[in-house]
Amino acid sequence: MSPRVVFWVSSSIRALLIVIATGIAAYLWGAVTGLLLGFIAMSGLVLLQLFYLQRLADWLDNPTSSRLPDGWGAWTDIFSRLYKSRRGDEKNQAELTEWLARFRQAMTLLPDGVVIMDDVLFLEWCNPAAESHLGLSLAKDKGMRVTNLVRTPEFMDYIILGRYETPLTLSFRDRKLIAHIIPFENRRQILVTHDITESERIDMMRRDFIANASHELRTPLTVINGFLEIASLQPDLDITIRHSHLKLMTEQGERMQRLVEDMLTLTRLESMDHLLRVETVDMRGLLEQIFQEAEALSAGRHQITLEIDGPDIRGSKDEIRSALTNLVTNAIRYTPEEGKIHISWINTPQGAKFSVTDNGIGISPEHISRLTERFYRVDKSRSRETQGTGLGLAIVKHVLLRHKAQLLIDSTPGVGSKFTVQFPANIAIEE
Ligand code: ADP
């Protein structure tokens, strides 16, 4: 039976019982007494309904499933149905609250900025990434117009033109962003921001690198082409001149080869998947070899000394050799004849330390922070004269980065330079 039928049947039975009871009372004690008793019974029934109505009204003021009153008669069914519906609502609300919390957490962790605005761009909500990208503060700026907060001509134009199907590339507070407005619902819009500062910087470095590398390769190529042209136009050129041309061409070819080798080394070091091959590095053997090479390069023009008092270490032997050789070679190349160069390998409480000290031409302070940039040279002609590629210290920087070591440069123009490599303490092998 449906609840509605139950309600009507039970109410009718109750009313019928009162009518029968009234009839019996009238029969036994007279019509007046019977009607009076019937009236009292009816009034009791009405009062009971009013009592439950009042309880229902009280509950509706603060409806929770735990406080729902018990009923009587048809009210039992009403209250039980209300209880079921209320429990369902509470469950849905709990699920909704949980979903909302999850959604907010996801939005908080999102690296892209999300700003929710109304149709006239008043800020309703934004996530932390949007706060940092656009310098917003949800607590302070809620309800403010986003165009008053992001004040750049590009953004204004984007809003005015309203061509939201194409994203906007925006420079804002030292950041490069891609901003995109997406209309949603009837009267709301989402602004999504994506930070491309880092990828732009890497792109720029790549472009600079290609431009610099092409420029570096163009000079020797031009020289070689020039001599080749002379050779083809003047086949009877004097043999001594021809020899000198060949010598110069060979030098330029070697210069190109050094450049290409250094570029390949840098690329190898930079590529993320080129993992560090860690092995035991016999530092005494390595430094003695570097020392001999230095003596050969100097060819007696400098006084070179070597002090070894440090431990063997763990790292990539080839990479460490390449970094330390670059530093020693630089000391020779930038120290005039008769100059002194001291190479040392010692242990310190902070870790093993390599240093090469020269009394060469030195470096002005304004150049020091830029020395490890690719192709950065203090004196271009001196670097070329001494067969420099401009990539030596960039290679050193990358090798040290991979070994968690630090490069310290101390230099005074006209007095000399000291390049120190501080390795971390845990790289040393205990004896
Ligand atoms: P390069 O091939 O030009 O030597 P590097 O990257 O090895 O390139 O060095 C960058 C610049 O740092 C050099 O051009 C030079 O000006 C300067 N430099 C490096 N080492 C020394 C040094 N020991 N004394 C003076 N200047 C140095």
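Trainee: What does the chain look like over residues 35–53?

Mentor: Over residues 35–53 the chain is 100% helix and 0% strand, with the end C-alpha atoms 27 Å apart. Helices here are DSSP runs of H or I with at least four residues, strands are E runs of at least two, and both are numbered from the N terminus. Keep in mind that this is a predicted model: local features need pLDDT of at least 70 and side-chain atom pairs count only at pLDDT 80 or more, while totals for chains, interfaces and linings use all residues. Residues are numbered from 1 along each chain as its sequence is written, and side-chain values use heavy atoms, with hydrogens and water left out.

Trainee: Got it. And which residues does the UniProt "transmembrane region" annotation cover?

Mentor: The unreviewed UniProt entry puts that annotation on residues 7–29 and 35–53. UniProt positions are given in the numbering used here, feature names are shortened, and annotations may be inferred rather than shown by experiment. Residues 7–29 are 100% helix and 0% strand too, and their end C-alpha atoms are 33 Å apart.

Trainee: How is the chain split into domains?

Mentor: The assignment gives domain 1 (3–98), domain 2 (110–195), domain 3 (216–270) and domain 4 (279–429). Those bounds come from an automatic or database domain assignment. The C-alpha centres of domain 2 and domain 3 are 55 Å from each other.

Trainee: Switching to the ligand: which residues come nearest?

Mentor: N330, Y334, S383, G390 and L393, out of 22 residues around the ligand. A residue is near a molecule or strand if one of its heavy atoms lies within 4 Å of it.

Trainee: What does S383 do there, in terms of atoms and distances?

Mentor: One of its polar side-chain atoms lies 2.6 Å from an oxygen atom of the ligand. G390 has a backbone N or O atom 2.8 Å from a ligand oxygen. Then there's S417, with a side-chain N or O atom 3.5 Å from a ligand nitrogen. A polar contact is a pair of N or O atoms within 3.5 Å; within protein, one must be able to donate a hydrogen and the other to accept it, and residues adjacent in sequence count only if both atoms are side-chain atoms.

Trainee: How much of the ligand does the protein cover?

Mentor: 98% of the 530 Å² of accessible area that the ligand has on its own. Areas come from the Shrake-Rupley method with a 1.4 Å probe, and for residues only the protein chains shown count as cover.

Trainee: Which elements give two or more residues to that shell?

Mentor: Helix 11 (317–333), helix 14 (392–402) and strand 12 (416–422). Helix 11 gives the most, with 3 residues.

Trainee: Is A299 buried or exposed?

Mentor: Exposed, at 59% relative accessibility. Buried means under 20% relative accessible area, exposed over 50%, and partly exposed in between (1.4 Å probe, protein chains only). K404 also has a positive phi, about 55°, although it is not a glycine. K404 is in the loop between helix 14 and strand 11 (406–412), and its relative accessible area of 69% makes it exposed.

Trainee: And M283, buried or exposed?

Mentor: M283 is buried, at 0% relative accessibility. M283 is part of helix 10.
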